[in-house]
Amino acid sequence: GQNIANMMMMMIQGESTMFLRLFQLLLLLSCTRFNDYAEASTTTIINVWPKPRNLTWSPPYQTTLLSSSFTIITTTIHRNKHLSAAISHYHTLIKSEHHHPLVPLRVNISKDLPPLQNLSIEVVDPYAGLIHGVNESYTLSIFSSHATLTAQTVWGAMRGLETFSQLVWDCPRKIAVGVEVWDFPLFVHRGLLVDTARNYYPVKDLLRTVEAMSMNKLNVLHLHLTDAESFPLVLPSEPALAEKGAYAPHMVYTPEDVKTLVEFGLDHGVRVIPEIDTPGHTASWALGHPEIVTCANMFWWPAGSDWSERLASQPGTGHLNPLNPKTYQVLKNVIHDITTLFPEPFFHSGADEIVPGCWKTDSTIQKHLSNGGTLNQVLEKYINNTLPYIVSLNRTVIYWEDVLLDDTVHVASTILPKEHVILQTWLNGHDHTKKIVSAGYRTIVSSAEFYYLDCGHGTYVGNNSAYDKQEDGNTGNGGSWCAPFKTWQTIYNYDITYGLSEEEAKLVLGGEVALWSEQADASVLDGRVWPRASAMAESLWSGNRDEKGVKRYAEATDRLNEWRSRMVSRGIGAEPIQPLWCVKNPGMCNTQHSV
């Protein structure tokens, strides 16, 4: 009886082995897909985007398999839920991605190396908060038997996890062995502005954008939450603003939505900075509080008037009235609610494009002017009544550059304390960056000439005769004030500290590409942003020059093709930068063929 039992056990074990081998074969087949680019060429270049500051992978360029039981572990005892969330996210991504490079890697798969079992993470300070200037450095080492990731903070560990995920490819999953990475960013502020007021973006699309930002090591989502067109943010103390100012009841961001977005941002190492643009760009406020808004609901450029006599710089008129005490009652409620909803220490208060014609329609302001007062004094009153309150809530205030540099309406630098104020530049490129830092202010660069993602799509105003030209096709840069379209190479090659002294350059915190949404919504979000934002991400993380100081945009083209492909496979609808023919024919899509 025992012999029969042993024979049965051997048969079962044999069948189990057979089934296991069959399962492995099926797994291998499931990993196989037709690769149209496999015969094009091969490479030993590991593609990590953004390119790390220092990455070495030495011959013989070995790889091993990732174990089927691969895990990510921490050697640091912690209770940081954001680190735990990041580990869970990357563990799932690494185990499921099966990325196939467009150009296969020419590597040696060593049969002598065991599968990689785990990645161990050590975080020196697991409770450092995600604030401006937090340490994002990390070191990553991948050995034949194990891999280690060391970071000063959780946020550096997240950057290292992203790099590790990009070093895994194919199916069965392979991992490069003998890789050493030492990495940290050039600029601490690397952001994307999304305008949620001109057109509404559902929360799910903003969450996907945050995930894509984390893939690219961007760390700031700047939400331009309100503008003349709509007020979609639900505020407990001022519910009428969204009730009447949003496009529709479902086109709002509730406190629960904000909490979801902020927490998701923290799970991915992305800060969320709120902007409430005031005192201009506030036509939508008039629907809930008409008494505090001047020139509300008027035609923006009266017929027969000069541009200097306009009431707004685009359709949608309305400025908050700084001479009406009720304005500050509403504003303090708004500011208090926003600082409660958004824990971020930076608060963006706008202050761009003050149009004199709008304020001049108000009788109180007219009386002030007739008594010898100026519009600069009106703006000064506004700043003096809001800036100290925002600062009292432990916030640093960001304004658009206009508040200091506008030719017509601005305030003196004495009104804007440098320790509490950051100026974001968007006009005149390097010239205005220089003016801001020369005055001693910290700055965030969003130059329209380089970083505006909406440019080149024409104007959105109707009845425009510029488009009715049968003989002359020139419609004035396509009717777009900031044309042409900003290509990824334009963005990549922009040097945001160009022409600055070493001390002045220290005041440049970083940059933001901006998606203004007059002609954008969720349907075009991914393609309008990616991979152009990826270009800025690398430029601000590790620079746009090689070790010899030469611009590396030619070399970056092949890598960005690969990275764009990987983003698409991860569910990000990034637009292509070249025909796939260019991938199959390396070097043939350059402007001149190099011998």
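Does histidine 99 count as buried or exposed, and what is its relative accessibility: which value settles the matter? Histidine 99 counts as buried, because its relative accessibility is 7% and the cut-off for buried is under 20%. The model behind this value is predicted.

**Histidine 99**
- Histidine 99 sits in a loop. That loop runs between α2 (81-96) and β3 (108-109).
- Leaving out residues up to four places away in sequence, histidine 99 touches Trp169, Asp170, Glu562, Arg566 and Ser569.

- Strand β16 covers residues 396-400 and is mostly covered. Five of its five residues are buried.
- Thr396, Ile398 and Trp400 point one way from β16. Val397 and Tyr399 point the other way.
- Strand β15 (residues 346-350) runs parallel to β16, and three bridges join them. Here phenylalanine 347 stands opposite valine 397.
- Strand β17 (residues 421-425) also pairs with β16 in the parallel sense, over four bridges. Isoleucine 422 in β17 is the bridge partner of isoleucine 398.

**Nonpolar cores**
- The largest nonpolar core has 133 residues. Leu119, Phe164, Trp285, Ile383, Tyr399, Val403 and Trp530 touch the most other members.
- Another core, of nine residues, lies apart from the largest one. Among its residues are Tyr452, Cys455, Cys482 and Trp516.
- Tyr399 belongs to the largest core and is also a buried residue of β16.
- Tryptophan 530 has contacts beyond its neighbours within four places in sequence, including Thr209, Met213, Leu218, Met567 and Glu575.

Note on methods:
Residues are numbered from 1 along each chain as its sequence is written. This is a predicted model: local features need pLDDT of at least 70, side-chain atom pairs count only at pLDDT 80 or more; totals for chains, interfaces and linings use all residues. Side-chain values use heavy atoms; hydrogens and water are left out. Helices (H or I, at least four residues) and strands (E, at least two) are DSSP runs, numbered from the N terminus. Buried means under 20% relative accessible area, exposed over 50%, partly exposed in between (1.4 Å probe, protein chains only). Contact means heavy atoms within 4.5 Å. Two strands pair if DSSP finds at least two bridges between them. A nonpolar core is a set of buried Ala, Val, Leu, Ile, Met, Phe, Trp, Tyr and Cys residues joined through side-chain atoms within 4.5 Å.
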